[in-house]
Amino acid sequence: MKIASFNINGIKARIDALTDWLKESDPDVVILQEIKSVDENFPRAHFEDLGYIVETHGQKSFNGVAFLSKVPLEDVTRGLPNATGMGRDGADDIEARYIEATVIGETTSLRICGLYLPNGNPVDLNSDGTPVEGSKYDFKLKWMQRLEDHARDLLQLEEPFLLAGDFNLIPQAEDAKRPDAWRKDALFRPESREKFRKLMDLGFTDALRVKNGADETYTFWDYQAGAFDRNDGIRIDHFLLSPQAADRLQDCQIDAYARAKAKPSDHVPIWVEIDL
């Protein structure tokens with residue numbers, strides 16, 4: 001089964017680019033981020049006509065995640081658990097950043113967890129270097145802790161699952177063309193990377209690094225200053241596989257060619273093939 005993740009950066013603006021890629025790549029399941037649409041305005045019928053089941057968790061103008069699937073999706077849930085007090089205004093987190101569903105294969109099922117992790121910029125710090133309470137960076141780190149807590153719960157089930165999407169996180173210096181340019185950015189600050197390492201240390205496999213160790217392999221290029229032409233990119237879209245899913249991993253690649261198409265997203269698709 002081919003499962004892809006794609007930060008589309010606005011479904012309305014990228015519907016043609018997404019459609020072209022779907023026809024070229026033919027994934028079984030797609031996890032979308034930044035659809036920037038409420039559920040009722042998502043072009044559901046368009047993708048259903050292409051053979052996809054559509055499940056969304058939308059939000060007006062910002063964020064939003066979705067599934068497009070050629071196979072049935074079971075037990076669809078929306079929102080990352082343990083949200084109480086996570087809103088930057090002290091209220092519950094209402095940002096549409098997380099969706100889960102199970103797909104049933106021929107031999108086993110797979111839980112797919114699609115996420116759009118907070119960016120975290122600007123980085124507001126106290127004099128002691130800790131994040132300012134309620135700041136965007138504080139929100140990012142707390143969201144990552146919630147993700148880790150939920151991942152622990154899923155791992156206890158000892159069933160195949162994966163975490164995939166736009167993590168807004170550069171794991172290592174090799175994941176940026178110019179790492180020094182990102183040292184003070186929330187995507188590459190030591191606190192963010194430490195949170196990511198703690199998540200990985202639970203026993204996850206970075207699918208791309210297992211199957212593709214090529215240098216200068218990125219998933220995001222800024223629209224400005226010809227970044228894509230110079231391959232001045234970063235790797236922030238990831239597939240993290242539980243041990244049971246990693247045992248079934250067959251391939252993981254990035255469709256960088258999508259960035260050269262008309263009206264592209266600033267991200268490109270990343271996909272895995274898993275034996276189910």
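## The largest cavity

In this predicted model, 13 residues line the largest cavity. Phe6, Ala17, Trp21, Ala258 and Lys261 lie nearest its centre. The space inside is about 90 Å³. Across the whole structure, a search finds one cavity of 30 Å³ or more.

Helix α1, residues 11–25, gives the largest share of this lining: four residues. By class, the lining of the largest cavity holds seven nonpolar, two polar and four charged residues.

## The second largest pocket

The second largest pocket holds about 220 Å³ of space. Its lining counts 17 residues. Closest to the centre are Asn119, Asn168, Phe220, Asp266 and His267. Six of the lining residues are nonpolar, six are polar and five are charged.

## The six-stranded sheet

Six strands form an open sheet with mixed pairing. Their order is β5-β6-β7-β8-β12-β9. The edges are β5 (73–78) and β9 (205–206), and each of these pairs on one side only.

Strands of a sheet pair through backbone hydrogen bonds, either parallel or antiparallel. Here β5 and β6 (residues 98–104) run antiparallel, joined by four bridges. Glu74 has Thr102 in β6 as its bridge partner.

## A helix across the sheet

Helix α4 spans residues 190–200. The helix lies across β8 (161–166), β9 and β12 (237–241). Its direction makes an angle of about 30 degrees with β12.

Technical notes. Residues numbered from 1 in each chain as written. Predicted model: local features only at pLDDT ≥ 70, side-chain atom pairs only at ≥ 80, totals over all residues. Heavy atoms only, no water. Pairing = 2+ DSSP bridges. Helix = DSSP H or I, 4+ residues; strand = E, 2+ residues; numbered from the N terminus. Contact = heavy atoms within 4.5 Å. Axes fitted to C-alpha atoms, helices over the stretch in contact; angles between N-to-C directions. 1 Å grid on protein atoms, 1.4 Å probe; cavity = no way out; pocket = protein on both sides within 12 Å on 5 of 7 lines; lining within 4 Å. Points joined across faces, edges and corners; volume = space filled by probe spheres on them. Nonpolar A, V, L, I, M, F, W, Y, C, P; charged D, E, K, R; others polar.
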